[in-house]
Amino acid sequence: MKKFTAQLTPASAVIAQSIDWLWDGWLPRGKLTLLAGAGGSGKTTLSLGLAAILSSGKNWPNETTSNGPGNIFIWSAEDDMADTLKPRLMAAGAEHNRIFFISGRRNELGELQPFNPARDFSLLNERAGQIGGVSMLIVDPIVALIAGDMHRANDVRSALQQLVDFATHWKCAILGITHLSKGSQQSSPADRVIGSQAFSALARTVLIAAQQEGTGSRILVRAKSNIGPDHGGITYSVEEVKVANGISATRVRWGEFVTGAARELLTEFEQSEDSQQRSELQGAVEFIQMALANGPVSTNKLKTDASAAGLAWGTVRRARGKLGIAVTKSSMEGGWFWSLPPEGAQD
C-alpha cells in the first residue's frame, strides 16, 4: 500500500499577493461573501443592483471603478425570472447580455430539468468557460447548497467547499444571500446569520442589511471581514419605478457612507422607540426641516449644527429616513448634500 506524505511549502517559496477586490473593501474576488438581512431589507434588490453595476461597467456607490463589464451568474429559488428578477435588473440599468440566470440542467436527451445547486453545481464550470469566465455568482438563498443539515458545521463546510473552489478558479466574487436568525439582535452581528456558524466562518466578508422600523431608510454594514475593513456602512432606500408598460420594479437608491462599528449601526436602525426616543426623533425632524428649508445643505455642516443643537447624529439619520431626505454628491470629488423631497413625496 502506498504511504501518503504531508506536503510542506516553505514560506520562502510563497509569493505574497494583495487582496484582489471586485468592490474595494466590500466584495473580494475569488472568495465568498454573505449578504444577510431580515425580510423587507431588500437583499435581492441590493444584489441585483450590484450585478447591474458590474454588468454595465459603471462605478460602485463610492465612485470607485467596477473594472467591468463582467459576466454574472444568478441562481434564485425564491423569485421568478420574468416578473421579478428581469424587471429589477431593468430598473437598475443592467446590461442584460452579461447576466445569466441558472434556470435548469439538460440531460443526455436534451430534456430540461430543475437545477439543484447541491447536486449540479459542478456543471457551472463548463458554462463559465464557454462564455469567457464569470466575475460574480449570486446564490439566493445560499442554504440551498446544503444537502444535509444547515445547522451542522461539517455539512455546511462540505457543501460550501465547491463554492469556494469555483470562486478561486474563476477569480469571481460569490455573493450568497441568507437570512438573520430571529431574536438575535443582542448577538455579535456576524453570529446572527441563520444556520451553522460555519457559514460566517467560511465567508471572508459578511454584509448585513437592515431596515429602520417605521421608515424607508435602510443600511448595509460590514459585519465581518478577515481581509479588509469590518466597520462602516452605506445607507440606501428601495424605490419603485416603471420599467415598461404595465411593469413596475424596485431598485436601490444609494445614500451616504457612514462610520461606526457594525453593532452600533445595526442597533441604531433596529431598535424600537420609546416615548423619549420619539420625542427626540420629532425634534430631529423639525431640525432637518428648518435646516433644509432654503435648499440643500452639506452633511458636514448638518453634523456640526446638530451637535450644537444637542441632537445625536444617529437620531438625525433616523429622522432623515422618516422624511425621505435625498442624499446626493455635489461631484465625484465633492461631499454629500441633503435636500428635502418634492412636495407629496414624503412618507
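Me: Across which strands does helix 7 lie, and at what angle does it run to strand 13?

Reply: Helix 7 (residues 262-270) lies across strand 10 (205-211), strand 11 (218-225), strand 12 (231-244) and strand 13, and runs at about 130° to strand 13. Axes are lines fitted to C-alpha atoms, for helices over the stretch in contact (heavy atoms within 4.5 Å), and angles run from 0 to 180 degrees between N-to-C directions. Helices (H or I, at least four residues) and strands (E, at least two) are DSSP runs, numbered from the N terminus. This is a predicted model, in which local features need pLDDT of at least 70 and side-chain atom pairs count only at pLDDT 80 or more, while totals for chains, interfaces and linings use all residues. Residues are numbered from 1 along each chain as its sequence is written, and side-chain values use heavy atoms, with hydrogens and water left out.

Me: Why is Thr45 called buried?

Reply: Buried means under 20% relative accessible area, exposed over 50%, and partly exposed in between (1.4 Å probe, protein chains only). Thr45 has 6% relative accessibility and therefore counts as buried. Thr45 belongs to helix 1 (residues 43-56). Apart from neighbours within four places in sequence, Thr45 is in contact with Arg88, Val238, Thr250, Arg251 and Val252.

Me: What makes the pair Thr45 and Thr250 a polar contact?

Reply: The side chains of Thr45 and Thr250 are joined at 3.2 Å. The term requires a pair of N or O atoms within 3.5 Å; within protein, one must be able to donate a hydrogen and the other to accept it, and residues adjacent in sequence count only if both atoms are side-chain atoms. The contact is therefore a polar one.

Me: Why is strand 8 described as largely enclosed by the rest of the structure?

Reply: In strand 8 (residues 136-140), 5 of the 5 residues are buried, so the strand is largely enclosed. Met136, Ile138 and Asp140 point one way, Leu137 and Val139 the other. In a regular strand the side chains alternate between the two faces of the sheet.

Me: How do you know that strand 8 pairs with strand 4 and with strand 9?

Reply: Two strands pair if DSSP finds at least two bridges between them. Strand 4 (residues 72-76) is joined to strand 8 by 5 bridges, in parallel, with Ile74 opposite Ile138. Strand 9 (residues 173-179) is joined to strand 8 by 4 bridges, also in parallel, and Ala173 is the bridge partner of Met136. Both pairs therefore meet the criterion.

Me: What makes strand 5 and strand 13 edge strands?

Reply: The open sheet has 9 strands in the order 5-4-8-9-3-10-11-12-13, with mixed pairing. Strand 5 (99-101) and strand 13 (247-261) each have a single partner strand, so one side of each is left without a neighbour in the sheet. Neighbouring strands of this sheet are turned by 20° against each other on average, direction ignored.

Me: How do you know that strand 15 and strand 16 pair?

Reply: Strand 15 and strand 16 (residues 336-339) share 4 bridges in the antiparallel sense, and Lys329 stands opposite Trp336. Their sheet is open, with 3 strands in the order 14-16-15.

Me: Why is helix 10 called mostly covered?

Reply: In helix 10 (residues 313-323), 10 of its 11 residues are buried. Among them are Trp313, Arg317 and Leu323. Just after helix 10, Gly324 takes a positive phi of about 70°.
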